[in-house]
Structure formats: structure tokens, C-alpha cells
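User: I would like to learn how to read a few features of a model. Please take them one at a time.

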Amino acid sequence: MNNTITEKKESITIYLKDTFNDVGKVTLFAGRFFKEVVKPPYEMKEFIKQCYVIGYKSLPLVTITGFIMGLVLTLQSRPTLAKFGAESWLPSMVALSLIREIAPVITALICAGKVSSGIGAELGSMKVTEQIDAMEVSAINPFKYLVVTRILATTLMIPLLVIYADGIGVIGGYVGINIHGDVSLYRYLAQVLESITFLDIFPATMKTFFFGFFIGMIGCYKGFNAANGTESVGKAANSAVVTASLTIFIIDMLAVQITDLFF
Amino acid sequence: MTQEITTTDRTPISKTNAPVIEIKDLYKSFGKNEVLKGVTLTVNKGENLVVLGKSGSGKSITIKCLVGLVEVDKGEINVFGTDITKLDNTELNEIRIRIGFLFQNAALYDSMSVRENLGFTLKRHAKDLTAEELESQIIDVLESVGLSEAIDKMPSELSGGMRKRIGLARTLILKPEIILYDEPTTGLDTITSREISELILEIQKKNKTSSIIITHDMPCAKHTSDRIVILKEGVIHVEGTYEELEKSDDEWVRSFFI
């Protein structure tokens with residue numbers, strides 16, 4: 001009995017040690033990013049390429065999910081609002097829910113799955129096949145070329161994708177309303193725009209920069225620190241998705257608390 | 001019919017040539033695993049030094065320490081007279097530009113074509129080059145490894161031997177004074193291995209480079225070596241020419257040459 005308790009204590013201690021160790025390493029990794037990002041040379045060509053890969057190539061996925069988010073939210077909310085005779089509030093409710101919460105979180109989660117795992121697998125495979133070492137021995141800074149460009153690209157592209165998803169979601173909401181009713185696009189948009197204020201958009205957009213930063217950073221960290229062997233590539237990709245998704249929820253929780261305090 | 005390589009036309013390397021690499025008492029451990037336990041070796045200017053040893057004896061770690069890819073625990077690594085263990089990253093990069101490294105699997109950048117693989121390094125270190133000059137240097141170096149037709153291919157379209165040659169071309173484009181070969185012929189057929197060995201000799205002759213060649217391939221060791229050292233249990237066990245070591249009294253040493 002005593003032995004079992006001791007073993008459990010030991011395993012908890014090891015788990016906590018590893019977790020704190022990881023947090024420390026991620027912090028150092030982030031610190032290195034902020035140090036390298038301001039130092040020339042700037043890898044503009046690679047940065048633009050990453051913006052294209054992360055932003056433009058995610059558009060089809062974000063379009064489909066954004067549209068479905070708006071459509072489903074409308075269809076699911078309609079019966080409840082109808083009970084209170086508040087169907088006319090549907091456009092405002094859909095727009096506010098999408099812009100303040102649903103579109104940022106869902107889009108960030110989708111990007112954690114697509115982008116963070118992609119970066120983790122790509123850098124992990126480069127590490128395993130010694131391509132990162134090859135850059136290092138050629139006196140090229142692989143951190144600057146591979147990590148800085150990707151983190152900057154996700155930090156810039158995720159907010160843009162979220163804004164795009166907001167728009168597509170609102171269109172999905174319009175289609176959802178018109179399945180059971182007949183509302184003109186002009187009237188629908190007028191009601192949506194009337195209900196949204198700057199304070200709805202600003203905090204929601206601000207948090208997406210943090211989502212983007214952490215999606216990129218976690219993907220890069222996991223890939224850049226992958227162990228040797230092909231198995232570690234899969235592990236890096238998987239771990240990047242799990243950690244990035246969890247981080248998105250934590251950031252969201254903090255952002256909501258901060259928004260409540262200040263806005 | 002394949003062409004036999006002979007070493008008869010090779011200029012003997014004088015031991016009086018100034019050493020370009022001097023490793024003194026090098027130690028490296030990974031956790032409890034002590035890989036290098038006091039390696040000491042010298043490479044003279046223009047010399048091809050072959051390093052033999054069982055798998056896991058620390059051959060690759062030794063050359064990775066030489067370019068700062070692996071941090072040493074203890075010891076001195078003098079390259080061109082500078083102890084690289086005491087350099088910061090910027091100073092180390094100045095030395096790295098003068099050293100070429102051919103990785104075991106060539107380590108070509110998968111997302112780039114052959115042209116981009118070669119231009120990637122050159123563009124960053126020779127910023128004054130015009131696009132035409134860059135292209136002409138890429139073509140020249142590809143011709144020197146006999147693969148100018150592969151310029152627009154992606155690494156995934158290349159065979160093992162071609163990858164090694166392109167890897168070598170990428171190394172040569174910066175005109176290194178030292179080249180470190182990590183198992184240059186591993187995984188290649190006999191004919192391609194021989195072609196790579198010939199290329200190593202050609203580069204030594206033409207560019208007057210000094211090299212460390214890590215290999216398990218004895219024909220390659222025979223054809224390319226001026227001198228051979230054998231690593232055993234983290235230290236240099238024996239040193240000599242191929243002919244000397246082949247006739248060694250030590251049975252373990254002779255077992256490499258069977």
C-alpha cells in the first residue's frame with residue numbers, strides 16, 4: 001500500500017517536473033523568437049511564402065466551416081428564440097455569437113489542426129533528415145529562416161482568416177434564416193451591422209493574434225525539437241495539435257475575463 | 001566494365017604540411033553514455049583522413065563537434081588555428097563557411113529544387129552576385145559532379161547516388177577548404193560508390209581540400225585515404241596508412257580489412 005502511494009507520488013513528481021521543464025523550454029524558445037525577429041537579415045521571401053501556405057491555402061477549409069457555423073447556429077437558435085417571440089433578434093444574436101466567440105475559437109482550432117500539425121511535421125521531418133543541421137553548418141540561421149517566418153505568418157494570417165470566417169458565417173446565418181423565413185439580404189445585413197459595436201470586434205480580434213502566435217510557436221517548437229527517428233515526426237505533429245488546441249482554450253478563457261474587466 | 005581506381009598517381013601528402021584540424025583530448029557524453037573519451041587527431045593541409053570504427057563508436061559525433069553541431073564536454077578543437085569551442089555563433093559561422101559537410105543522406109532541402117538547393121546557400125554568403133553569375137556558378141558546380149541535367153529536378157526525383165552528388169555540389173559551391181564526409185557511400189551500389197570515391201579524390205586534387213571521411217566502405221577507404229585512424233571505445237585506437245593497418249598485428253584492426 002505504502003509502495004503504491006510512493007510510486008504514485010514519484011510519477012506525479014516526474015510529470016510535474018517534465019511539465020515545468022517543457023514550459024521553461026517553450027518560454028526560452030519564445031524569447032529566442034523575440035530576439036531573432038528584430039535582427040536582420042529578414043527572410044521576406046520565405047515569410048510571404050508561409051503567408052500564402054498558411055493563409056490562402058486554408059481558405060477553402062475556413063470557408064466551409066465558417067458557412068456551416070453560421071447556418072447551424074441560426075437553425076439551432078431559431079426554435080428557442082421563437083418560443084419567446086424573439087425571432088427578429090436572430091441576425092443580431094448570430095452575428096454577435098460568431099464575431100465575439102464562435103468564429104475566432106473554431107477557426108483557431110481548425111488552424112491548430114491544419115497549420116500547427118503541418119509545421120510540426122514539416123520541421124520534425126527536416127530535423128530527422130538533418131536538413132536543419134545542413135542549414136546550420138552552411139552558416140545559415142535555421143531558427144530565423146524556419147521558425148521566425150512561420151510564427152510571424154501565423155500571427156498575421158490567423159486574425160485575417162478569423163475576420164474572413166466572421167463574414168462567411170454571417171452569410172451562412174442569412175441562408176439559415178431564409179430556410180424558414182423570407183428576409184431580404186439588405187434588411188439582414190442592416191440588422192447585423194446595427195448590433196455590432198467596436199467593442200465586440202476589437203477584443204475578439206486582439207485575441208486571434210495570440211491564437212496565431214501560439215499556433216505557430218507550438219508547431220515550430222514541437223518540430224524543431226523533435227527527437228531522432230521517423231516516429232518522432234508523427235509525435236511532433238500530434239503533440240502540436242493537442243498543445244495548440246488546449247492553449248487556444250486557455251487564451252480564450254483569459255481573454256474573456258480580461259474583456260469583462262476592461263470593456 | 002568498371003574502371004579500377006588506383007592510388008599510384010596521387011601526390012603523397014607530406015606530414016610536414018601545416019595541420020588544418022587539430023582535435024585534442026575530446027570528450028562527449030549523452031547522459032550516462034560516454035561516446036568520446038579523449039579523442040586526439042590531426043588533419044594536415046590537403047590530406048584525406050579516413051575514420052573507421054564500429055557503429056556507435058563516435059565517428060559522426062566527432063565531425064559534428066568539428067562544426068559546432070554538437071557541443072563538446074571537454075577538449076580542444078582547432079580549425080585553421082582557432083579553437084572553435086571558444087567561439088560565439090557569429091565567429092563560428094565564419095569558420096563554418098570554410099568547411100563543407102556532406103551528410104549521410106545528403107540532407108537536401110525537400111521543398112526546393114536542385115537549383116534552389118544550391119542557390120540557397122550561395123545567395124546568402126555571396127550577396128554581390130548577379131542572377132547570371134549565380135546561375136553560372138550553379139551550373140559549373142553541377143557540371144563538376146556530372147549532374148547538370150538535374151538542375152530543375154526535385155530531391156524526391158533523384159536516386160541515392162544523385163542525391164549524394166547534389167549534396168556534394170551544395171557543399172562545393174562555397175569552395176570549402178575542408179570537407180567532412182559522413183558515410184559518403186552508404187546505401188549505394190558498388191559502381192556508384194566507386195564513382196563517389198573518384199569524385200572525392202578529384203575534389204581533393206582539384207580544390208586542394210583537406211577532408212575527414214567517415215566510412216564503413218573499405219574500397220572507399222582504400223581509394224580515398226592518405227591516412228586512416230580507427231576509433232575504439234571513444235578513443236583513437238590506431239593510426240596509419242591503409243597498407244600499414246591491413247598488415248597490423250592487432251587482430252581487431254585486421255578484421256576491418258577482411
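**Reading strands, helices and contacts**

Analyst: In strand β10(B), B:Val235 is the bridge partner of B:Lys232. This is a predicted model, in which local features need pLDDT of at least 70, side-chain atom pairs count only at pLDDT 80 or more, and totals for chains, interfaces and linings use all residues. Residues are numbered from 1 along each chain as its sequence is written, and chains are lettered from A and ligands numbered from 1 in the order in which they are written.

User: In which sense do β9 and β10 of chain B pair, and over how many bridges?

Analyst: Two strands pair if DSSP finds at least two bridges between them; strands are DSSP runs of E with at least two residues, helices are runs of H or I with at least four, and both are numbered from the N terminus. Here β9(B), residues 227–232, and β10(B), residues 235–240, pair in the antiparallel sense over five bridges. The two strands form a hairpin with two residues between them. In the turn, B:Glu233 has a positive phi of about 50°.

User: What is the pattern of chain A along the sequence?

Analyst: Chain A reads α-α-α-α-α-α-α-α-α, with nine helices and zero strands. Its C-alpha atoms fill a box of roughly 65 × 60 × 35 Å along the principal axes.

User: At what angle do the axes of α4 and α8 of chain A cross?

Analyst: Axes are lines fitted to C-alpha atoms, for helices over the stretch in contact, and angles run from 0 to 180 degrees between N-to-C directions. The axes of α4(A), residues 90–128, and α8(A), residues 198–224, cross at roughly 15° and come within 7 Å. The two helices are therefore roughly parallel to each other (angles under 35 degrees count as such). By class, their contact has 17 nonpolar residues (Ala, Val, Leu, Ile, Met, Phe, Trp, Tyr, Cys and Pro), six charged (Asp, Glu, Lys and Arg) and seven polar (the others, Gly among them).

User: How many residues of chain B are in contact with chain A?

Analyst: Two residues are in contact if their C-beta atoms, placed from the backbone, lie within 7 Å. On that basis 14 residues of chain B are in contact with ten residues of chain A. The elements of chain B giving two or more residues to this side are α2 (89–96) and α3 (114–125). The largest share, three residues, comes from α3(B). By class, this side of chain B divides into seven nonpolar, four polar and three charged residues.

How values were computed
Parallel < 35°, antiparallel > 145°, perpendicular 65-115°, else oblique.
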